[in-house]
Amino acid sequence: MTDRQMLRTIGATVKAARLKADLTQECLAELVGVHWQTISNVENGKFPYSILLFVRISQALQISANRLLENLPEADENQMTRIKKAFARKRSPKQTR
C-alpha cells in the first residue's frame, strides 16, 4: 500500500468517525484547533500530517488511535524478513584470522 493510499484509508476512517459523532468538519476543526480545510485534507488523504494532529483528532472524536488505524493492511512480512536478514548480515562481527 502506498503512502497516499494509507492516508486515504485513515482519512476515510476519520470521516466515518466524525459523521458517527454527528460533527461537521468545522466543529471538529474547532475542537482540534485547525482550519476546517485541514480536516477536509485529512479526510481526503491530501497531505501527510503530524502525529500530534492525529492524536488531537482521535481525542476530539473520543476514539482510540488504534481504531482510526484498523483499516490499514498488515506490513508485508516477506519484505520485512528479507530486509532484517540483509541488515543482520551487515552487522555480524568480522571474523579474525
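Trainee: Which residues does Ala-60 touch, not counting residues up to four places away in sequence?

Mentor: This is a predicted model: local features need pLDDT of at least 70, side-chain atom pairs count only at pLDDT 80 or more, and totals for chains, interfaces and linings use all residues. Residues are numbered from 1 along each chain as its sequence is written, and side-chain values use heavy atoms, without hydrogens and water. Ala-60 is found in helix α4; helices (H or I, at least four residues) and strands (E, at least two) are DSSP runs, numbered from the N terminus. With contact meaning heavy atoms within 4.5 Å, Ala-60 touches Leu-28, Leu-31 and Val-32.

Trainee: What is the relative accessible area of Ala-60?

Mentor: Buried means under 20% relative accessible area, exposed over 50%, and partly exposed in between (1.4 Å probe, protein chains only). Ala-60 counts as partly exposed because its relative accessible area is 22%.

Trainee: What separates the C-alpha atoms of Ala-60 and Thr-2?

Mentor: Along the chain, these two residues are 58 residues apart.

Trainee: Which residues are in contact with Ala-65, leaving aside neighbours within four places in sequence?

Mentor: Ala-65 lies in helix α5 (residues 65-69). It is partly exposed, at a relative accessible area of 27%. Its contacts are Phe-54 and Ser-58.

Trainee: Which helices do the buried residues of α3 pack against?

Mentor: In helix α3 (residues 36-43), the buried residues are Ile-39, Ser-40, Asn-41, Val-42 and Glu-43. They pack against α1, α2 (25-32) and α4 (51-61).

Trainee: Which residues of the largest nonpolar core touch the most other members?

Mentor: A nonpolar core is a set of buried Ala, Val, Leu, Ile, Met, Phe, Trp, Tyr and Cys residues joined through side-chain atoms within 4.5 Å. The core has 17 residues, and those that touch the most other members are Val-14, Val-42, Tyr-49, Leu-53, Ile-57, Leu-61 and Leu-68.

Trainee: Which helices each supply at least two residues of this core?

Mentor: Take Ile-57: leaving aside neighbours within four places in sequence, it is in contact with Val-14, Val-32, Ile-39 and Val-42. For the core, the helices that each supply at least two residues are α1, α2, α3 and α4.

Trainee: Which residues form the aromatic pair?

Mentor: Rings of Phe, Tyr and Trp (its six-membered ring) pair if their centres lie within 6.5 Å; planes under 30 degrees apart count as stacked, over 60 as edge-to-face and the rest as tilted. The structure holds one such pair. At 6.3 Å centre to centre and 80 degrees between the planes, the pair is edge-to-face and is formed by Phe-47 and Tyr-49.

Trainee: Where does Arg-18 stand, buried or exposed?

Mentor: Arg-18 has its place in helix α1. Not counting residues up to four places away in sequence, it touches Leu-23, Thr-24, Gln-25, Leu-28, Glu-43 and Leu-61. With a relative accessible area of 6%, Arg-18 is buried.

Trainee: What is the phi of Asp-22?

Mentor: Most residues other than glycine have a negative phi. Asp-22 lies in the loop between α1 and α2 and counts as exposed, at 68% relative accessibility. Its phi is positive, near 60 degrees.

Trainee: What about Gln-62: what is its phi?

Mentor: Gln-62 sits in the loop between α4 and α5. At 76% relative accessibility, it counts as exposed. Its phi is also a positive value, near 55 degrees.

Trainee: Which helix gives the most to the lining of the largest pocket?

Mentor: On a 1 Å grid over the protein atoms alone, a pocket is an open set of points with protein on both sides within 12 Å along at least five of seven lines, whereas in a cavity a 1.4 Å probe fits but cannot get out; lining residues have an atom within 4 Å of a point. Among the lining residues are Thr-13, Lys-20, Gln-62 and Arg-67. Four of the lining residues come from the helix that gives the most, α1 (residues 3-20).
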